[in-house]
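User: I'd like to go through the ligand site with you. Can you take me from the numbers to the labels?

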Amino acid sequence: MVFIGPMGSGKSSIGRRVADMLGVDFVDTDSEIVKTHGAISDVFTNHGEAFFRDLEEHVVQDALVSSSPRLVALGGGAILSAKTRELLKGVTTVLLMTNEETVLNRVNLDKRPLLREDPNAWKRILDERMPLYSEVATVTFDTVHAPKDKIALEITNWLRNEHTR
Ligand code: S3P
């Protein structure tokens, strides 16, 4: 199972709750990158976005090929990789969706290099990526209109049904 979606849509926070309820491991690919390479904003500053995307593609691939049951949350731009999108086609992929107003109120902009300079970039980036999210999503959940615990429960129930069908 994989969670995808734009920055600030709740992939990590809701993903962790869902993994707990399902009793599976939770892997956050951004956190894996931080463990080996330090803060993502520093990776962008010191090595550039292309370097980050390359790293991300490898980390995502490693996370997805594991045979142990797990829930993997990807960074918002991971779906830019055609290789990653190909891998996702064989996997239950949950798209979490939010809106600009909610994100700009909630996220830590210092940790989001793509938004730091221009907070209005969120919507533009989403518009660019929406076709890619849609291409790989098995299902979409809106994370704006209910508390995280409620959304996590809804997704957990959906995943349980999906996997017993
Ligand atoms: C990015 C999203 C971030 C992180 C990096 C780039 C993006 O992850 O991978 O800052 O391109 O959308 P979150 O979606 O977890 O914020």
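User: What makes the shell around the ligand divide into nonpolar, polar and charged residues the way it does?
Analyst: This is a predicted model, and its shell holds five nonpolar, three polar and six charged residues. Asp, Glu, Lys and Arg count as charged, so Lys-11, Asp-30, Arg-53, Arg-112 and Arg-129 go in that class. Those five also come nearest to the ligand, out of 14 residues around it.

User: How much of the ligand does the protein cover?
Analyst: On its own the ligand has 390 Å² of accessible area, and the protein covers 95% of that.

User: Which helices supply at least two residues of the shell?
Analyst: Helix 4 (49-65) and helix 7 (113-116) do. Helix 4 gives the most, with three residues.

User: How do you know that the ligand sits in the largest pocket?
Analyst: The test is that more than half of its atoms lie within 2 Å of the pocket's grid points; the ligand sits in the largest pocket, so it passes. That pocket holds about 750 Å³ of space. Its lining has 32 residues, and Ser-12, Asp-30, Ile-40, Lys-111 and Arg-112 are the closest to its centre. Helix 1 (11-22), helix 2 (29-37), helix 3 (40-47), helix 4 and helix 7 each give two or more residues to the lining.

Definitions and conventions: Residues are numbered from 1 along each chain as its sequence is written. This is a predicted model: local features need pLDDT of at least 70, side-chain atom pairs count only at pLDDT 80 or more; totals for chains, interfaces and linings use all residues. Side-chain values use heavy atoms; hydrogens and water are left out. A residue is near a molecule or strand if one of its heavy atoms lies within 4 Å of it. Accessible areas come from the Shrake-Rupley method with a 1.4 Å probe; for residues, only the protein chains shown count as cover. On a 1 Å grid over the protein atoms alone, a cavity is a set of points where a 1.4 Å probe fits but cannot get out, and a pocket is an open set with protein on both sides within 12 Å along at least five of seven lines; lining residues have an atom within 4 Å of a point. Helices (H or I, at least four residues) and strands (E, at least two) are DSSP runs, numbered from the N terminus. Grid points are joined across faces, edges and corners, and a volume is the space filled by probe spheres set on the points.
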